[in-house]
Amino acid sequence: MMLLQPSMDPNRKRAKSVDRVDSVDSGSESFESTRKCGFPDEVLERVLSLIDSHKDRSSVSLVCKDWYNAERWSRRDVFIGNCYSVSPEIVAARFPRVRSVTLKGKPRFSDFNLVPEDWGADVHPWLSVFSTAYPFLEELRLKRMAVTDESLEFLATNFHGFKALSLLSCDGFSTDGLKAIATHCKNLTELDIQENGIDDLGGHWLSCFPESLTSLEVLNFASLNSEVSFDALEKLVSRCKSLRVLKVNRNVSLDQLQKLLLHCPLLMELGTGTFMQELISGPVTEFKTMFSNCKNLVTLSGLWDATPLYLPVIYPACASLTFLNLSYATLRSDELANLLAHCKSLRRLWLLDTVGDKGLEAVGSCCPLLEELRVFPADPFDQEIFLGVTESGFVSVSHGCPKLRYVLYFCRQMTNAAVATIARNCPDFTHFRLCIMNPGQPDYLTKEPMDDAFGSVVKTCTKLQRLAISGLLTDRTFEYIGKYAKNLETLSVAFAGSSDLGMESVLKGCMKLRKLEIRDCPFGNAALLSGLTKYESMRSLWMSACNVTMNGCRALAKEKPRLNVEVMRDEEGSDDSQAHKVYVYRSVAGPRRDAPPFVLTL
Amino acid sequence: MTPPLLGVEGDGQGNVSLMTSASTMESIFQKNPGLTERNYMGLSDCSSVDSSVVSGISEVKRNNLNLRATELRLGLPGSQSPERDADVDNASSESLDEKPLFPLLPSKDGICLGSQKTFVSGNKRGFSDTIDEGKWMFSSSGTDSDASKTSVQGKISAVAQPNMTKDATSKMMPQEQSHGTFGTNLNKVNASNPPASKAQVVGWPPVRSFRKNILATNSKANDEVDGKPGPGALFVKVSMDGAPYLRKVDLRSYTAYQQLSSALEKMFSCFTIGQCGSQGAPGRESLSESKLRDLLHGSEYVLTYEDKDGDWMLVGDVPWDMFIGSCKRLKIMKGSDAIGLAPRAMEKSKTRN
């Protein structure tokens, strides 16, 4: 893109910064008008249609009016990171030819029960607008949205070419809604249901896929609890020849899985059901060939209840695996070590902390190409278990896996020195999420705050985009972040900081900050208001259980009318001056019209 | 300055030590004195972060503490009245706050109250203690409402994180491995009462509820298979006289008594030696281990277990598989306390055979 002077003023002649001889009458917005020489709009559109990245497309649209138009007509995928930042009408007006919509709703802390039910993010208003604006909508991907069965039925019956539905962390619907999708979407290619607050009324939905449906490529119902009819599932899998992703739920047994795999040798991603058999119908050797036909498998997950007896069944498939999700298998260190010895190509690995530090040593020695590691706590709320992983496991991994970019690590002890070592070993971190599970816990050896740990991360890992901090932290941590984390986009803070200075340092220093979520920190109005000029360049700010008052929020709302400053009141609501939960986000749609009574928009 | 715990022991210094700790609290938390009323940890009764139970708890806590503040307890260590125990049980994480009022207890008197991360993981206590302690300090100037002892819904397992712990130099949330030998009867009491829901910070650790549920069904299935051990892990609690906290071990990860015994030695070695220093000192560790082994093989400590019938037996009498099938929990007792067990164990195995 060579244009230097973005101009949206329709009346001004453009400077000759493009290869156009004539000046444009920018008053005409018709995209059909061709130029005498230079780019016809169709060509421009064609070129722009090759641009996929949303960020690039946003940049493109800012160049000039023509480019804005060409871009909007050529946009097929719309990504809306905050469903309240814009209205469906505005989206439909701007982008006439959309085929795929991604919508995210509730603030991320709703995953941890910090957002009351009925907060909002209802998808239905979007669907109603889209039914007229985008009757040919093909894909809908929702994250943290409220979805009802009625909405799903509406979707299934009003969008005749509908192909792909992905629901992640949504709530409000039941398996009846899935029935509607299965029944009516004749061209369905993707049904991906993950980790939703769903009312599981049984597995009959799967039997609603008609015999004529053969287009399915992605089927993920791993997180549903009810058993589906295996007969229906087997038939479905065998007639969908393009199936490349199949993730079944725990009720599917090993021998059932074996049968399924016979029908889809082209499978690329598999989520198994339960990985052990109580009543062994035949010897384990029966299963040994189960995976030997799966030449294309790159992702493996599920593996519930996997035991040393059955785990070797997957060994034949391990060499080509790039993503192994063991976060539902309570493996021990030796079991993991034996398994990983076969997994040389792993790029992404998710584990439970039952594998312990020894298991992580095995990760370090077996997986030199590892880029992503997530270690989840098997028993986060049981204070008596002193198991899990420590700093030494993390350090072992960092020694063996220098290409690590993404880490999510839950542990019960950590030291500043260990984190410094880890950062030194893996300077390419883009996502560093460390959760020391006890709030406010210091370095367990030196008793110091963990400030230096995160200081070393931000100093060394210049590409850092996402950071989640924990442990005992003073304002110094935030000073480090503000000073060094110049590429930081997302920051999650809990139980940290000593004063307003902390939050202020971050708001002042982190140029690229887009999402800031804070809970239980001593940041007050001064900190909140220090970000006055920054919030409009961010997607959102969340502050809960901090020192912010209603007056502070009102001041912010007053200064920045294009921000929605929402305060959620506590049910107990005794003290009206404290703002218990504050959610601030930019919006071109104005204040929410569907806010429940406990959400106050200032 | 001395932590209030020491300050209050037996000499009823009452407010003096309270005030000094108050100033410590202040300096520690660098709170602006003008904002002392604020409870930024969200644990005041005007916080909405935590559940209503929690805010109820803080209130009760404060109320309870108020009463405590006026009581002088001069009894011998360990001689807590049942009422107090009950209060302790009913009290939420303020067990920590109560600590200053309780006299020191020797280690033999049951499980020590340690400052261990294990207890506080996923638990708001660390903070609540600090803050509530601070708040308590300030509110002890009498701004509280009626001190009605409302019972707290759901008993909170009162093994909490002392924020003013034995180590006077510790600043914030001491999570040290080293511990004094203070203790209360808390764990003992808990052991005899059914464990109730523990006070936890809402939404912490940040584990998605979906994942939480999966794991819960996993461990339930494993732990509570009655009688017959199922596949997977079989966690039983291990407590030790004098240790500040319980551990859990997976019995299925061992195949013989020897393995279990050495694992336990490793796990609990630091406690028998008193101060458990830095974990990163291997020489010291091996010293502790061998010392513990000596202790264990001497009659200082014995390993006992509670079986399905609720009887305490000596470990080692029955075949390993039978042991796994019937063991509900383990306890490392002082040899002297376990003397009475031996005959019973023998009898039992006799009747079994």
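**A tour from strands to salt bridges**

Select strand β3 (residues 301–307) of chain B, which runs antiparallel to β4(B) and is joined to it by 3 bridges; strands are DSSP runs of E of at least two residues, helices runs of H or I of at least four, numbered from the N terminus. Two strands pair if DSSP finds at least two bridges between them. Pick B:Glu306: its bridge partner in β4(B) is B:Trp312.

This is a predicted model, in which local features need pLDDT of at least 70, side-chain atom pairs count only at pLDDT 80 or more, and totals for chains, interfaces and linings use all residues. Residues are numbered from 1 along each chain as its sequence is written, chains are lettered from A and ligands numbered from 1 in the order written, and side-chain values use heavy atoms, without hydrogens and water.

Next, go to chain A and select A:Arg57 and A:Glu71, a salt bridge with closest N and O atoms 2.7 Å apart (a side-chain nitrogen of Lys or Arg within 4 Å of a carboxyl oxygen of Asp or Glu). A:Arg57 lies in α2 (residues 54–61) and A:Glu71 in α3 (residues 65–74) of chain A, so the pair ties together parts 14 residues apart in sequence. A:Arg57 counts as buried at 4% relative accessibility, and A:Glu71 at 0% (buried is under 20% relative accessible area, exposed over 50%, partly exposed in between; 1.4 Å probe, protein chains only).
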